[in-house]
Amino acid sequence: MRVGEAFPSNYLKASDLQGKRISVTIDHVAFEDIGRQKDRKPVVYFQGKDKGLVLNKTNASKITALTGTDEMDDWTGTTIILFGTLVEFGGEEVEGIRVAAGPKATPAGRTIPTPPPAPTVIPSPGEQFQADDDDVPF
């Protein structure tokens, strides 16, 4: 048994992605009390998935750039790619989740210019973010 299985979370963690890039479509965003301090934070939920992603400013800003709107209610129907990578948190490198453009990173009914490709985080230069074909349960 893996440590992550022994201590399940209600929210998406990088380990839930199993090292894959996963294509998801935003269902809705809800504000919830998170952590011991019960900080009120936005959580984005995805169609067909049980766990939501607690948004940080980096990922919220990326989705805003991809959709062309900072109105979270307008993100519904947007397809994005989730992937795990090392991020800085509290002065340390930890595994975190980041967002990249999906095949249709535009909310239903809106037309905006296609954003430039997301920067490559993993070593191979020029690699495009593509979702893995395997379904990852989370």
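Biologist: Where is Lys38 placed?
Modeller: Lys38 sits in the loop between β1 and β2; strands are DSSP runs of E of at least two residues, helices runs of H or I of at least four, numbered from the N terminus. This is a predicted model, in which local features need pLDDT of at least 70 and side-chain atom pairs pLDDT 80 or more, while totals for chains, interfaces and linings use all residues. Residues are numbered from 1 along each chain as its sequence is written, and side-chain values use heavy atoms, without hydrogens and water.

Biologist: Is Lys38 buried or exposed?
Modeller: Lys38 is exposed because its relative accessible area is 53%. Buried means under 20%, exposed over 50% and partly exposed in between, with a 1.4 Å probe and protein chains only.

Biologist: What about its phi?
Modeller: The phi of Lys38 is positive, about 55°, although Lys38 is not a glycine.

Biologist: And what is the phi of Gln18?
Modeller: Gln18, also not a glycine, has a positive phi of about 55°. Gln18 lies in the loop between α1 (3–6) and β1.

Biologist: Changing topic, how many salt bridges are there?
Modeller: The count comes to 2 salt bridges, each a side-chain nitrogen of Lys or Arg within 4 Å of a carboxyl oxygen of Asp or Glu.

Biologist: Which residue does Lys51 meet?
Modeller: The side chain of Lys51 forms a salt bridge with that of Asp16, at 3.3 Å from N to O. This pair links distant parts of the chain, 35 residues apart: Lys51 belongs to the loop between β2 and β3, and Asp16 to the loop between α1 and β1.

Biologist: Is Lys51 buried or exposed? And Asp16, buried or exposed?
Modeller: Lys51 counts as buried because its relative accessible area is 16%. Asp16 is buried too, since its value is 14%.

Biologist: Which side chain does Arg40 meet in a salt bridge?
Modeller: Arg40 pairs with Asp33, again at 3.3 Å from N to O. Arg40 is exposed because its relative accessibility is 55%, whereas Asp33, at 43%, is partly exposed.

Biologist: Where is Thr79 found, and what joins it to Thr25?
Modeller: Thr79 belongs to strand β4. Its side chain and that of Thr25 are joined by a polar contact of 3.0 Å; the term covers N or O pairs within 3.5 Å, one able to donate a hydrogen and the other to accept it, and sequence neighbours count only through side-chain atoms on both sides. Thr79 is buried because its relative accessibility is 13%.

Biologist: One more threonine: where is Thr58 placed?
Modeller: Thr58 is in helix α2 and counts as partly exposed because its relative accessibility is 44%.

Biologist: What separates the C-alpha atoms of Thr58 and Val99?
Modeller: A separation of 8.8 Å, although Thr58 and Val99 are 41 residues apart along the chain.
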